[in-house]
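Here are some notes to read with the model open beside you. Take the points one at a time, and find each residue on screen before moving on.

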Amino acid sequence: MLESFNTKSEMQYQRLTEEEKQKRGILGRLVGIIADFKNPTRNGRRYTEELWDKTFEDPIVKEKLDNRCILGELGHPADRQETDIEKVAICLAEMPKKGNDGKIHGVFDILDTPCGRILKTLCDYGCNIGVSSRGGGDTFEDYDGNETVDPSTYEFECYDAVLLPAVKAARPAYVTESFDTHKKTLKTALPNKPDKDV
């Protein structure tokens, strides 16, 4: 189950030092909201809390996360679900966290790849890039009449960097060294007091 945190505090996250960036091939980070399990997406689909808990409990997803292999592309591919390793731009850097507001927060490394360099250029220019999940599964109509993605059939692939995210608020902040003087993970940037699961 995804860990919860109190979203009343603002998240802060420092970009890696120049030495760390060169060693690891990271150009920067995107930090912020990546999903919403209380409200439907722009296309009218609901992705429930159960779906996201199940997704990140899946052994394959955990293995990919542990090995820094949840790689996303610059834009959603139009004709496939699997990720093309030659087109990656971002990597999910750590386990996402559940907010008490129904939103899920995450951290992505911007990779030093051709597509990652394009993404960094857009971020440096001031584009507030979004992220959107890529996966597939059956849908059903819930008791409120919403089209809901079935957690038992959903197969998660990754998050991609996109211009128009399915979740309107899923536009993570592009973070630079000036945000903080201490390196923090998403977890340490949040309050220590745990909230009840939402």
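1. Let us begin with one word. A residue is called buried when its relative accessible area is under 20%, exposed when that area is over 50%, and partly exposed in between. Arg134 has a relative accessibility of 6%, so this arginine counts as buried. Please keep in mind that you are looking at a predicted model.

2. Stay with Arg134 for a moment. Which residue does Arg134 form a salt bridge with? The partner is Asp160, and the closest N and O atoms are 2.7 Å apart. Arg134 belongs to strand β8 (residues 130–136) and Asp160 to strand β11, so their pairing ties together parts that are 26 residues apart in sequence. If you wonder what such pairs rest on, side chains of opposite charge can pair when their charged atoms come close.

3. Now turn to Asp160 itself. Its relative accessible area is 0%, so Asp160 is buried. The side chain of Asp160 also makes a polar contact, at 2.6 Å, with the side chain of His76. Leaving aside neighbours within four places in sequence, the residues in contact with Asp160 include Gly72, Gly75, Pro77, Ile90 and Val131. Widen the view and you will find a network of salt bridges that links Glu73, Arg80, Arg134 and Asp160.

4. How many salt bridges does a search of the whole structure find? The count is 14. One of them joins the side chains of Arg29 and Asp109, at 2.6 Å from N to O. Arg29 sits in strand β2 and Asp109 in strand β7, so far as the chain goes 80 residues apart, and the pair links these distant parts. Are the two partners buried or exposed? Both Arg29 and Asp109 are buried.

5. Another salt bridge to look up is the one between the side chains of Asp53 and Lys98, at 3.4 Å from N to O. Asp53 counts as buried because its relative accessibility is 8%. Lys98 is buried too, with a relative accessible area of 0%.

6. Next, the nonpolar side of the story. The largest nonpolar core has 33 residues, and those touching the most other members are Leu30, Trp52, Ile90 and Leu119. Helices and strands both contribute: α2, α3, α4 (114–125), β2 (26–36), β5 (88–92), β7 (103–111) and β11 (155–162) each supply at least two residues of this core.

7. Two helices deserve a look together. Helix α2 (residues 49–57) and helix α3 (residues 59–66) pack at an angle of about 65°, and their axes are 5 Å apart. On the α2 side the contact is made by Thr55, Phe56 and Glu57, and on the α3 side by Pro59, Val61 and Lys62. These contact residues divide into three nonpolar, one polar and two charged.

8. At its start, a side-chain oxygen of Asp58 comes to within 2.9 Å of the backbone nitrogen of Ile60. Just after α3 comes Arg68, whose phi is positive, about 55°. This is a positive value in a residue other than glycine. Arg68 is in the loop between α3 and β4 (71–73). With a relative accessibility of 41%, Arg68 counts as partly exposed.

9. Finish with Val149, in strand β10 (residues 147–149). Its relative accessible area is 3%, so Val149 is buried. Where in space is Gly137, twelve residues away in sequence? Its C-alpha lies 6.4 Å from that of Val149. Beyond residues up to four places away in sequence, Val149 touches Arg45, Arg46, Tyr47, Leu51, Asp138, Thr139, Phe140 and Tyr154.

Conventions:
Residues are numbered from 1 along each chain as its sequence is written. This is a predicted model: local features need pLDDT of at least 70, side-chain atom pairs count only at pLDDT 80 or more; totals for chains, interfaces and linings use all residues. Side-chain values use heavy atoms; hydrogens and water are left out. Axes are lines fitted to C-alpha atoms, for helices over the stretch in contact, and angles run from 0 to 180 degrees between N-to-C directions. Helices (H or I, at least four residues) and strands (E, at least two) are DSSP runs, numbered from the N terminus. Contact means heavy atoms within 4.5 Å. Ala, Val, Leu, Ile, Met, Phe, Trp, Tyr, Cys and Pro count as nonpolar, Asp, Glu, Lys and Arg as charged, and the others, Gly among them, as polar. Buried means under 20% relative accessible area, exposed over 50%, partly exposed in between (1.4 Å probe, protein chains only). A nonpolar core is a set of buried Ala, Val, Leu, Ile, Met, Phe, Trp, Tyr and Cys residues joined through side-chain atoms within 4.5 Å. A salt bridge is a side-chain nitrogen of Lys or Arg within 4 Å of a carboxyl oxygen of Asp or Glu. A polar contact is a pair of N or O atoms within 3.5 Å; within protein, one must be able to donate a hydrogen and the other to accept it, and residues adjacent in sequence count only if both atoms are side-chain atoms.
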